[in-house]
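Thanks for making the time this morning.

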Amino acid sequence: MTNDTAFIRELADLAPIIPVLVVEDVAHAVPLAEALVRGGLPVLEVTLRTEAALDVIAAMATVKGARVGAGTLVTKDDVTAAIAAGSTFGVTPGSPAALIDACLAANLPLLPGAATATEAMTLQARGFEVLKFFPAEAAGGIKTLKGLGGPLAGISFCPTGGVSASNAVDYLALPNVVCAGGSWIAPLDLVNAEKWDEIEARARVAAALPRG
């Protein structure tokens with residue numbers, strides 16, 4: 001069993017924002033991924049919240065430059081299906097031991113979810129150094145991350161959940177934040193309307209955000 005922290009750090013370094021994607025129609029997968037990659041956001045989290053999600057991952061995995069992962073992993077079966085679809089990493093909203101065990105057993109590089117110091121410390125003890133802080137705003141947002149930064153200096157976070165165009169720069173300014181996840185880059189209404197140019201423009205703005 002492995003925990004590829006170096007791979008997750010490499011992904012985090014590629015862009016300041018990871019688009020969190022909900023896609024209902026597989027026909028949208030390739031043009032959406034192409035727009036995001038052109039805009040400078042190559043790391044894509046496709047949430048397993050739609051029936052099309054696994055097919056979307058498989059289609060996006062064919063796009064040059066895209067690094068596609070599966071979000072909302074909650075069961076062992078999710079992990080197996082995500083890997084079969086071509087996911088190169090996984091993201092979990094929380095980190096029950098059985099789910100973490102399944103990801104490690106499958107050698108799936110993972111961004112595991114944590115919302116408290118205890119959860120973060122438990123994951124750190126298992127070798128994870130880059131965690132998803134979720135749900136970021138509901139869990140205290142920037143104040144909580146600042147508070148965790150002192151005692152948990154060895155842990156980096158990717159806050160997701162309530163991160164937006166208006167507050168992303170404040171999250172990214174924190175020394176323990178390596179990137180952030182957000183759905184505002186490619187919201188479902190723009191995807192369904194096939195507004196690829198607008199999505200690319202949003203991606204370019206997000207890709208240029210400064211990091212602390």
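This is a predicted model: local features need pLDDT of at least 70, side-chain atom pairs count only at pLDDT 80 or more; totals for chains, interfaces and linings use all residues.

Let me begin inside: helix α1 (residues 5-14) gives the largest share of the lining of the largest cavity, namely three residues. Residues are numbered from 1 along each chain as its sequence is written, and side-chain values use heavy atoms, with hydrogens and water left out.

As for terms, helices (H or I, at least four residues) and strands (E, at least two) are DSSP runs numbered from the N terminus. On a 1 Å grid over the protein atoms alone, a cavity is a set of points where a 1.4 Å probe fits but cannot get out, whereas a pocket is an open set with protein on both sides within 12 Å along at least five of seven lines, and lining residues have an atom within 4 Å of a point. A volume is the space filled by probe spheres set on the points, with grid points joined across faces, edges and corners.

The structure holds one cavity of 30 Å³ or more, and the largest cavity has a volume of about 60 Å³. Its lining consists of Ile8, Leu11, Ala12, Ile18, Val43, Phe89, Leu111 and Cys179. By class, that lining has eight nonpolar, no polar and no charged residues, where Ala, Val, Leu, Ile, Met, Phe, Trp, Tyr, Cys and Pro count as nonpolar, Asp, Glu, Lys and Arg as charged, and the others, Gly among them, as polar.

Ile18 brings us to strand β1, where Ile17, Pro19 and Leu21 on one side and Ile18 and Val20 on the other are all buried, buried meaning under 20% relative accessible area with a 1.4 Å probe and protein chains only. Because five of the five residues of β1 are buried, this strand is largely enclosed by the rest of the structure.

Which order do the strands of the six-stranded sheet follow? The order is β5-β4-β3-β2-β1-β9, in an open sheet with parallel pairing, and two strands pair if DSSP finds at least two bridges between them. β5 (110-111) and β9 (180-182) stand at the edges with a single partner strand each, so one side of each has no neighbour in the sheet. β1 pairs with β9 over three bridges, with Pro19 opposite Gly182, and is joined to β2 by two bridges, with Val20 partnered by Glu45.

Val20 and Gly182 return in the largest pocket, where they, together with Arg49, Thr160 and Ser183, lie nearest the centre among 18 lining residues. β1 (17-21), β2 (43-47) and β9 are the elements that give two or more residues to this lining. The pocket's volume is about 190 Å³, and its lining divides into eight nonpolar, seven polar and three charged residues.

A further open sheet has three strands in the order β6-β7-β8, again with parallel pairing, and its edge strands are β6 (113-114) and β8 (156-159).

Finally, the axes of helix α3 (residues 53-60) and helix α4 (residues 76-85) come within 8 Å and cross at roughly 35°; axes are lines fitted to C-alpha atoms over the stretch in contact, and angles run from 0 to 180 degrees between N-to-C directions. Leu54, Ile57 and Ala58 of α3 meet Ala81, Ala82 and Ala85 of α4, contact meaning heavy atoms within 4.5 Å.

Notes:
Buried means under 20% relative accessible area, exposed over 50%, partly exposed in between (1.4 Å probe, protein chains only).
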